[in-house]
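Here are my notes on the model you sent. Please read them with the structure open.

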Amino acid sequence: MEISIIDILSYKKVKYNKCYTYGGVYMIYDTVNNKYYIGKSIDYMHRLKDHYYNSLRNSGLLIDKTMHNRIDEFRFYLLSAYTELKINFFNRKQEIVLEQSFINTYQSFFPKGYNILHYGHLPTK
């Protein structure tokens, strides 16, 4: 599901939610370089908003610095909501497995994409 920059900027953060109602795996797509960044958060809209504001300051992660002065060339997507998969505080390791699966699918690991952290060394059970 594509998320508009207007929706991201107008989003108001919700109180911390232990049931992960607002959580999910998201993707940022660079339409010029055909590269992806995959991320996860218990409040993905708030995290996308963080990426946007970090890009204005040219700080933060590689994806944030890349978006600096190019925000119109990026698209934002929700790939999977935690509620669909029943991910919650007690089975958080599923987040890592899911995120890594999307990183592999979209080949978003640097240098083909913007992900620089790889979870292959972490236990996933």
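1. Terms first. Buried means under 20% relative accessible area, exposed means over 50%, and partly exposed lies in between (1.4 Å probe, protein chains only). By that cut-off Glu99 is buried, at 5%. This is a predicted model: local features need pLDDT of at least 70, side-chain atom pairs count only at pLDDT 80 or more, and totals for chains, interfaces and linings use all residues. Residues are numbered from 1 along each chain as its sequence is written, and side-chain values use heavy atoms, with hydrogens and water left out.

2. Overall layout. The protein chain has five helices and four strands. Both are DSSP runs numbered from the N terminus: helices are H or I with at least four residues, strands are E with at least two. From the N terminus the order is β-α-β-β-α-α-β-α-α. Of the 125 residues, 39% count as buried.

3. Salt bridges. The criterion is a side-chain nitrogen of Lys or Arg within 4 Å of a carboxyl oxygen of Asp or Glu. The whole structure has five. One of them pairs Asp30 with Arg70, with the closest N and O atoms 2.8 Å apart. Asp30 sits in strand 2, Arg70 in the loop between helix 3 and strand 4 (74–81), and 40 residues separate them. Asp30 is buried at 0% relative accessibility. Arg70 also meets Glu73, at 2.5 Å from N to O. Glu73 is partly exposed, at 29%. Shared partners join Asp30, Arg70 and Glu73 into one network.

4. Glu99 and Lys40 form a salt bridge at 3.8 Å, N to O. Glu99 lies in helix 5 and Lys40 in strand 3, so the pair ties together parts that are 59 residues apart in sequence. Lys40 is partly exposed at 23%.

5. Largest pocket. Its space is about 160 Å³. Of its 13 lining residues, the closest to the centre are Tyr37, Leu61, Glu99, Asn115 and Leu117. The search uses a 1 Å grid over the protein atoms alone; a pocket is an open set of points with protein on both sides within 12 Å along at least five of seven lines, and lining residues have an atom within 4 Å of a point. The volume is the space filled by probe spheres set on the points, which are joined across faces, edges and corners. Which strand gives the most to the lining? Strand 3 (residues 35–41) does, with four residues. By class the lining has nine nonpolar, two polar and two charged residues. Here Ala, Val, Leu, Ile, Met, Phe, Trp, Tyr, Cys and Pro count as nonpolar, Asp, Glu, Lys and Arg as charged, and the others, Gly among them, as polar.

6. Backbone checks. Most residues other than glycine have a negative phi, and most peptide bonds are trans. Asn34, in the loop between strand 2 (24–30) and strand 3, has a positive phi of about 55°. Asn58, in the loop between helix 2 and helix 3 (62–67), has a positive phi near 55°. Asn34 is partly exposed at 47%, and Asn58 is partly exposed at 38%. A cis peptide bond joins Phe110 and Pro111, with omega about 10°. Pro111 lies in the segment after helix 5.

7. A buried loop residue. Ile87 is in the loop between helix 4 (82–85) and helix 5 (93–106). Its relative accessible area is 3%, so Ile87 counts as buried. Ile87 and Gly24 are 63 residues apart in sequence and 9.0 Å apart in space, C-alpha to C-alpha.

Methods
1 Å grid on protein atoms, 1.4 Å probe; cavity = no way out; pocket = protein on both sides within 12 Å on 5 of 7 lines; lining within 4 Å.
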